[in-house]
Amino acid sequence: MAGTTPGAPGTPGTPRVLRAMNDRAALDLLLEHGPLSRTRIGKLTGLSKPTASQLLARLEAAGLVVATGTSEGRPGPNAQLYTVNARAAHVAGLDVNGRRIVAAVADVTGRTVGEFELATPGRRADSVVRQVADALDGAVKDAGLTRADVHRIVIGTPGAFDPGTGRLRYASHLPGWHSSTLLDELAAFLPMPVEYENDVNLVAVAEQRLGAARGHEDFVLLWNEEGLGAALVINGRLHRGFTGGAGEVGFLPVPGTPLVRQVVKANSGGFQELAGAQAVPRLAKALGVDTPQQPYAKVAADLLARAADAYERDAALTELLRQYAQRLATGLASVTAVLDPGLIVLSGGAVAAGGEILRSLIQSELAELAASRPRLVVGEIDRTPVLRGALERALADTRDEVFDTSR
C-alpha cells in the first residue's frame, strides 16, 4: 500500500496546508471587512501577533495583499492597515439576450472596473464568437486592461447548454447560439477558462451571495421579465437537472390557459402564457385599462408599477394587480408542491415593479393554493442581476485558485 510522503504539498495537517488555511481565512476577512490591521487580523483569526505578522508578510510577498494607509482616531500609535490587492486577479461576466450582450470586468475584490454593451439585433448567426470577443474587449478596454489580465469568464444565456450535446436548449429566440461546435470555438478563441450558466441561475447566485437569499441553503427564485423562469437551489447548490433545464417553469402546464403542445418549438408554455410579462397588457386591456401592448416587458413593468401606486384607489388597476398575483401564485403552487421551499425570491422587472403590494398579494393567494407556506421576498439585486451573478460565480472560482498559497 503506497504511503503519503510526510510534509508533501497539500497533505492535510502539514504546516504548508495549515498556513494556506490561515492565509485564506485572512483574505476572506479582508474581503468582508475591508482594510484591517495586523492586530485586528490576529484577533479575528485567533493567531498570535508574530504569526499574524508572518502571514501578512507572506501574503504581501505573494502579491495578494498591500499596505494601505494607517488607522486613526484610536489611542496609541497609528497601525498599518492591509487590504486585498485588487489587481491580483480580474474576471469577466457576460449577460446575453437576443438584443445585446452586456459585459463587465471585476477585480478580485468584486469591484466592477469596466463595462460595455454590444447591440446584437440582426447579427449573422455565424458571428457569435466575434460578438463575445467584441463585448469582452469593450469591457476590458474600459477597465484599462487586456484580455490576458482576465482569469476567467462566465457567460449567462437564456436556456441551458445540454451537457450531452453541447447545444443550447430552451432558447430558440437566441440566434447563432445553437451550434454543437460553438463551445469548442469559443474555448479555442479565448485564452482563459470560459463557463456557461443559465441567466436565471446567475440571478440566484447574486441573490444568495449579496441579496435576499443570503444565508439560505434552499430556495426558489422566480424570474419574470421577457421570459418566465426559475432557479432551484437545494442544499446550497444550483439544481440544473439532466439536460440543464431544471427551472424552465414557463413550460409548466397550468389551469387557466389552454395546453401548449410542442413547447420547445413554440418557445412558450402554459405558465408563460398565463403569467408571463406578455399576459399583463392583455389582462389590462380586458379590464378596460388603456395601454399599448409592445414592448411587452416594459409595458408590463409600467402597468404593474402604476397598479401598485394606485392600489385600492383605482378599481381597474387594483383588479389587475390582484388577478396577476393569482396567476403567478397558480404556477408557484405547483413548484411548491414539488420542492417545498422555505423561501421564494421574486425577481425580474415584471414582479419587481409591483413591489411589496404584489408580493403580499401573491403570498396570500399561495397560502390558499399550496399545502406549505414558503416565505416570499422581493429580490434585492435590481441592477444587472444576471451580470452580477456571472461575476460572483467567476470570482468564487478565481479566488479559490489565486488565494491558494499551498501550491
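The legends below describe close-up views of a predicted model. Local features require pLDDT of at least 70 and side-chain atom pairs pLDDT 80 or more, while totals for chains, interfaces and linings use all residues. Residues are numbered from 1 along each chain as its sequence is written, and side-chain values use heavy atoms, with hydrogens and water left out.

View 1. A pocket is an open set of points on a 1 Å grid over the protein atoms alone, with protein on both sides within 12 Å along at least five of seven lines, and lining residues have an atom within 4 Å of a point. Among the 48 lining residues, Asp 199, Trp 223, Glu 225, Glu 226 and Gly 227 are the closest to the centre of the pocket. Elements that each supply at least two lining residues include strand E4 (90–96), helix H6 (199–210) and helix H14 (385–402); helices (H or I, at least four residues) and strands (E, at least two) are DSSP runs numbered from the N terminus. The lining comprises 17 nonpolar, 22 polar and nine charged residues, where Ala, Val, Leu, Ile, Met, Phe, Trp, Tyr, Cys and Pro count as nonpolar, Asp, Glu, Lys and Arg as charged, and the others, Gly among them, as polar.

**View 2. Phe 251 takes part in an aromatic pair and also lines the second largest cavity.** The rings of Tyr 170 and Phe 251 are tilted, at 6.2 Å centre to centre and 50 degrees between the planes. Rings of Phe, Tyr and Trp (its six-membered ring) pair if their centres lie within 6.5 Å; planes under 30 degrees apart are stacked, over 60 edge-to-face and the rest tilted. Both residues lie in loops, so the pair ties together parts that are 81 residues apart in sequence.

**View 3. Tyr 324 belongs to the largest nonpolar core, which has 43 residues.** Such a core joins buried Ala, Val, Leu, Ile, Met, Phe, Trp, Tyr and Cys residues through side-chain atoms within 4.5 Å; buried means under 20% relative accessible area, exposed over 50%, partly exposed in between (1.4 Å probe, protein chains only). Tyr 324 is one of the residues that touch the most other members. Helix H11 (residues 315–339) gives the largest share, ten residues.

How values were computed. On a 1 Å grid over the protein atoms alone, a cavity is a set of points where a 1.4 Å probe fits but cannot get out, and a pocket is an open set with protein on both sides within 12 Å along at least five of seven lines; lining residues have an atom within 4 Å of a point.
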